[in-house]
Amino acid sequence: MDTSLITTSTSLEGYHVIKHLGVVRGITVRSRSALGNIAGGFQSLFGGRLSIYVELCENAREEAYQLLIQHAQALGANAIINMRYDANEVMQGITEVLAYGTAVVVEKV
């Protein structure tokens, strides 16, 4: 799938939606290791950017995003509109990251 055809908008400029395939999602659940939590706690003592946690969040979002794309492709989509992220803490230190949107088939206008 061409990632330029994935948008948070409800439409794609220059394209016409010819078929809606439904909601698609990619979900992952992640936690930081005990050592990572210690390193993150140490970083937080000094303030500023907590790179340990930024990396964890970026990896979780990327994994959810790739799973979203796989789900859309399995349905025959060539685009995803109205894409969003959501995150919830399942339990302390364990976070669910969800990427979701609407799988569609589009054609260039």
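Trainee: In what sense do strand 2 and strand 3 pair, and over how many bridges?

Mentor: Strand 2 and strand 3, the latter spanning residues 94-108, pair in the antiparallel sense over ten bridges. The model is a predicted one. In the hairpin that these strands form, two residues stand between the strands, and Gly93 takes a positive phi near 85°.

Trainee: Which residue of strand 3 stands opposite Asn88?

Mentor: Asn88 lies in strand 2, and Glu96 in strand 3 stands opposite Asn88. Leaving aside neighbours within four places in sequence, Asn88 is in contact with Ile94, Thr95 and Glu96.

Trainee: Is Asn88 buried, partly exposed or exposed?

Mentor: Asn88 has a relative accessible area of 37% and is therefore partly exposed. As a general idea for reading strands, side chains in a regular strand alternate between the two faces of the sheet.

Trainee: What share of the contacts in the chain joins residues at least 24 apart?

Mentor: Among contacts between residues at least 6 apart in sequence, 71% join residues at least 24 apart. As for burial, buried residues make up 28% of the 109 residues in the chain.

Trainee: Which residues touch the most other members of the largest nonpolar core?

Mentor: That core has 14 residues, of which Ile6, Leu68, Ala72, Ile80 and Met83 touch the most other members. Helix 2 (51-74), strand 2 and strand 3 are the elements that give two or more residues to this core. The largest share, six residues, comes from helix 2.

Trainee: What does Ala72 touch, not counting residues up to four places away in sequence?

Mentor: With those residues left out, Ala72 touches Met1, Val24, Ala77, Ile80 and Ala103.

Trainee: Where does Thr7 lie, relative to strand 1?

Mentor: Thr7 lies in the segment before strand 1. Its relative accessibility is 17%, so Thr7 counts as buried, the cut-off for buried being under 20%. Not counting residues up to four places away in sequence, Thr7 touches Leu12, Ile80, Ile81, Asn82 and Met83.

Trainee: Why does Ile27 count as partly exposed?

Mentor: Ile27, which is found in strand 1, has a relative accessibility of 43% and so counts as partly exposed. That class lies between under 20% for buried and over 50% for exposed.

Trainee: How much of the accessible surface of the chain belongs to carbon and sulfur atoms?

Mentor: The accessible surface of the chain comes to about 6,900 Å², and 53% of this area belongs to carbon and sulfur atoms.

Note on methods:
Residues numbered from 1 in each chain as written. Predicted model: local features only at pLDDT ≥ 70, side-chain atom pairs only at ≥ 80, totals over all residues. Heavy atoms only, no water. Helix = DSSP H or I, 4+ residues; strand = E, 2+ residues; numbered from the N terminus. Buried < 20%, exposed > 50% of the residue type's maximum accessible area, 1.4 Å probe, protein only. Contact = heavy atoms within 4.5 Å. Pairing = 2+ DSSP bridges. Core = buried A, V, L, I, M, F, W, Y, C linked by side-chain atoms within 4.5 Å. Areas by Shrake-Rupley, 256 points an atom, 1.4 Å probe, with all protein chains shown as cover.
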